[in-house]
Amino acid sequence: MHKFFATLKEMLLPTPPPKRSHEELRADFKGKYNSFRSLLTANNNALQAMAELEKIYYGDESYRMAIIRSKISAILVNVFKMIRHLRELSGGKYSELERIFEKISDRLNEIIERRPQFRDGDLILPLSEVCRHDTSQVGEKMANLGELGTIPGIRIPEGFVVTASATRRFLIRAHLDEINRRLQTLDPDDIEKLYTTCEELQNIVMSSALPADLEELLHVHYARLEQATTTGCLVALRSSGLGEDTAGVSFAGLYRTLLDIDLNSLTNAYKQVIASKYGARAISYRRKRGFRHEDIEMCVGCLVMVDAEVSGVTYSMDPEQTGLIRINAVEGIARGVVDGTTNTDLFLVERTSPYTIVHSELRQQPNGNDG
């Protein structure tokens, strides 16, 4: 019974801690004060790094993933310091924060170091067999065009797509490692160096031999286009990069489109489209949008040229006048419409039946030259 009351007394009336000297109290206070100041400093440093990340995200300046990694590392280091100093101030409490921090840190590292998972498949697909479900192999542009061809009453050109699997077959690991090495040391603000490096990267692509089986397949599918159209048909080669037409981004005009290509120039033209991924404007744009170059693979659409009497560009909604369709047209091929070098005819058309032309400006000369 005596032992029971002694235990109860110890629980209800714990022994007060021994009195400490002024020197000990002063040292303890100094330690906690230093921990508190260090916690505030770490907090300010973490907030500063977060603000710099936000500025990069919303700004228009070019940046490298190395900068993103450094900012995230700074945030993680300072948050860890905050946790450590908080535990020192609390006498060892809040140990759970360390486990939570480790989970967050591991997840961030997974995101930063994540590598795209690409699906292997056929090196070349006929356009008639392509639909929107093949986006990871043929890119958004060709997937949408193939899907359009499945709609009754809609005609699309004969063609085929050289897939992302073909690109990986062409650009082997040695090529990509060398490209990565040069891009990692590239300062996008050094314009002269940017253009020099881009020329070197494109030369790597252009000087690389196409695998024999891929080149043979190009010739086989071109022969099938001849059978479906005419012997010696001319084709257009168009880029169809993965992620090219996703929400919030537009790579329009950054990659190559080649027209009037015959069999003899087909291989070289294919490599030119692949090489256009490493053009100066394309690299700068991807960096501004936070894309790593390895996240975007180039696919190439090969389409039979249309012998057009008139062609142009249509906006399903005029950007200046809501409720109207805008059509810019020229005689022949619309190359000058797309690149802005040709003075075009303009038509504004109502969006509802009977689609009345409400305004027109005929700017083309009768002989087909712009005036």
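# Chatting through a predicted chain

Q: Let's start with Thr167: buried or exposed?
A: Thr167 is buried, since its relative accessible area is 6%. "Buried" here stands for under 20% relative accessible area, "exposed" for over 50%, and "partly exposed" for what lies in between, with a 1.4 Å probe and with protein chains only.

Q: Before we go on, where does this model come from, and how are residues numbered?
A: The model is predicted, and for that reason local features need a pLDDT of at least 70 and side-chain atom pairs count only at pLDDT 80 or more, while totals for chains, interfaces and linings use all residues. Residues are numbered from 1 along each chain as its sequence is written, and side-chain values use heavy atoms, with hydrogens and water left out.

Q: OK, which helix holds Thr167?
A: Thr167 is found in helix H6, which covers residues 164–170. Helices (H or I, at least four residues) and strands (E, at least two) are DSSP runs, numbered from the N terminus.

Q: And what is Thr167 in contact with?
A: If its neighbours within four places in sequence are left aside, Thr167 is in contact with Tyr270, Ile274 and Met298, where contact means heavy atoms within 4.5 Å. The side chain of Thr167 also reaches the backbone oxygen of Met298, at 2.4 Å.

Q: How many residues apart are Thr167 and Met298 in sequence?
A: They are 131 residues apart in sequence, yet their C-alpha atoms are 6.8 Å apart in space.

Q: What about Arg168, in that helix too: how exposed is that one?
A: Arg168, also in helix H6, is partly exposed, with a relative accessible area of 22%. Its side chain makes a polar contact with the side chain of Glu297, at 2.4 Å. A polar contact is a pair of N or O atoms within 3.5 Å; within protein, one must be able to donate a hydrogen and the other to accept it, and residues adjacent in sequence count only if both atoms are side-chain atoms.

Q: Where does Asp120 sit relative to Arg168?
A: Along the chain, Asp120 is 48 residues from Arg168, and their C-alpha atoms are separated by 9.1 Å.

Q: Switching to sheets: in what order do the strands of the 5-strand sheet come?
A: The order is E1-E2-E5-E3-E4, in an open sheet with antiparallel pairing; two strands pair if DSSP finds at least two bridges between them. Strand E1 (124–126) and strand E4 (257–261) stand at the edges with a single partner strand each, so one side of each is left without a neighbour in the sheet. Neighbouring strands of this sheet are turned by 20° against each other on average, direction ignored.

Q: How many residues of E3 are buried?
A: In E3, 6 of the 7 residues are buried, so this strand is largely enclosed by the rest of the structure.

Q: And how does E2 pair with E5?
A: Strand E2 (residues 159–162) and strand E5 (residues 298–304) pair in the antiparallel sense over 4 bridges, and Val162 has Val300 in E5 as its bridge partner.

Q: Which strands does helix H9 lie across?
A: Helix H9 (residues 212–228) lies across E1, E2, strand E3 (235–241) and E5, and it runs at about 165° to E2. Helix H10 (residues 266–275) lies across E2, E3, E4 and E5, and runs at about 25° to E3. The axes are lines fitted to C-alpha atoms, for helices over the stretch in contact, and the angles run from 0 to 180 degrees between N-to-C directions.

Q: What is the strand order in the sheet of 4 strands?
A: That open sheet has the order E6-E7-E8-E9, with antiparallel pairing. Strand E6 (310–315) and strand E9 (357–361) stand at its edges with a single partner strand each, so one side of each is left without a neighbour in the sheet.

Q: Last one: where is confidence lowest, and where is it highest?
A: Confidence is lowest in helix H1 (residues 2–12), with a mean of 62, and highest in E2, at 96. This is pLDDT, the predictor's confidence in each residue, from 0 to 100. Where pLDDT is low, the predicted coordinates should not be read in detail.
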